[in-house]
Amino acid sequence: MIRTIKYRLYPTEKQKVLLEKHFNTCRFVYNLALQTRLMVYNSMKISVHRYDLSGQLTELKKDHKWLKEVDRACMEYEFEKQDLAFARFFKGGGFPRFRRKLNSASFTSTHGLVLKIKGDKIAIPKFREGIKFSNSFILDARVRTYTVSKTATGKYFI
């Protein structure tokens with residue numbers, strides 16, 4: 001059975017900055033991948049798969065050093081979401097749109113097994129010291145994916 005559990009996060013100011021970097025980097029990668037797909041399709045009439053884009057992420061990190069500050073799994077998940085968006089488009093849905101910077105943001109990672117709970121802190125990649133959270137319900141299951149989000153009021157959740 002798949003269940004969803006939502007915890008409130010209480011990050012420090014330093015952790016808030018790193019969370020914002022994750023949000024903005026995932027938006028940047030998504031928009032860059034969408035732009036790449038459009039350019040390749042318009043010029044050569046071929047489709048680009050997420051594995052092709054993922055392979056170019058290493059070269060992109062050489063040009064943009066700040067991409068190394070963010071967990072790679074959350075950037076690769078953006079390619080997966082874009083593949084799903086294009087699949088919906090070809091089934092009759094709307095065309096994928098570029099993402100705007102809004103008051104609310106999120107990133108998802110498939111590194112669920114890396115998620116560790118240590119007392120009142122939850123540790124995820126790039127946040128080794130852990131982020132304080134409200135642990136009203138103890139998690140005793142295998143985590144497949146996790147999503148960190150920020151609401152318009154500035155509250156963080158996982």
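**View 1. The largest pocket of this predicted model has a volume of about 640 Å³.** Welcome to the structure, which is a predicted model. As a general idea for this view, rolling a probe the size of a water molecule over the atoms shows where empty space is left. Which residues lie closest to the centre of the largest pocket? Of the 18 residues in its lining, they are Arg 3, Thr 4, Ile 5, Val 143 and Thr 145. Sorted by class, the lining of the largest pocket holds eleven nonpolar, three polar and four charged residues.

**View 2. Here is the protein as a whole, with three helices and seven strands.** Starting from the N terminus, you can follow the elements in the order β-α-α-α-β-β-β-β-β-β. The C-alpha trace of the protein spans about 55 × 40 × 30 Å along its principal axes.

**View 3. Seven strands make an open sheet with antiparallel pairing.** To find your way across the sheet, read the strands in the order E2-E6-E7-E1-E5-E4-E3. Which strands stand at the edges? They are E2 (105-109) and E3 (116-118), and each has a single partner strand, so one side of each is left without a neighbour in the sheet. Helix H1 (residues 13-44) packs on this sheet, where it touches E2, E5, E6 (146-150) and E7 (156-157). The direction of H1 makes about 105 degrees with that of E5.

View 4. Look for Tyr 10, which stands opposite Lys 132 in E5. Which residue of E5 is the bridge partner of Lys 121? It is Lys 132, the residue that Tyr 10 also stands opposite. E4 and E5 form a hairpin with two residues between them. In the turn of that hairpin, Lys 126 has a positive phi of about 75 degrees.

**View 5. Strand E6 pairs with E2 and with E7.** How many bridges link E2 and E6? There are five, and the two strands pair in the antiparallel sense. Five residues lie between the strands in the hairpin of E6 and E7, where Gly 154 takes a positive phi near 90 degrees.

**View 6. Helix H2 (residues 50-63) crosses helix H3 (residues 72-90) at roughly 145 degrees.** The axes of H2 and H3 come within 10 Å, and H2 passes H3 in a right-handed crossing. On the H2 side, the contact is made by Arg 50, Leu 53, Ser 54, Leu 57, Thr 58 and Lys 61. H3 contributes Arg 72, Met 75, Glu 76, Phe 79, Glu 80, Gln 82 and Asp 83. By class, four nonpolar, three polar and six charged residues make up the contact of H2 with H3.

Conventions
Residues numbered from 1 in each chain as written. Predicted model: local features only at pLDDT ≥ 70, side-chain atom pairs only at ≥ 80, totals over all residues. Heavy atoms only, no water. 1 Å grid on protein atoms, 1.4 Å probe; cavity = no way out; pocket = protein on both sides within 12 Å on 5 of 7 lines; lining within 4 Å. Points joined across faces, edges and corners; volume = space filled by probe spheres on them. Nonpolar A, V, L, I, M, F, W, Y, C, P; charged D, E, K, R; others polar. Pairing = 2+ DSSP bridges. Helix = DSSP H or I, 4+ residues; strand = E, 2+ residues; numbered from the N terminus. Contact = heavy atoms within 4.5 Å. Axes fitted to C-alpha atoms, helices over the stretch in contact; angles between N-to-C directions. Left-handed = near helix turned anticlockwise from the far one by under 90°.
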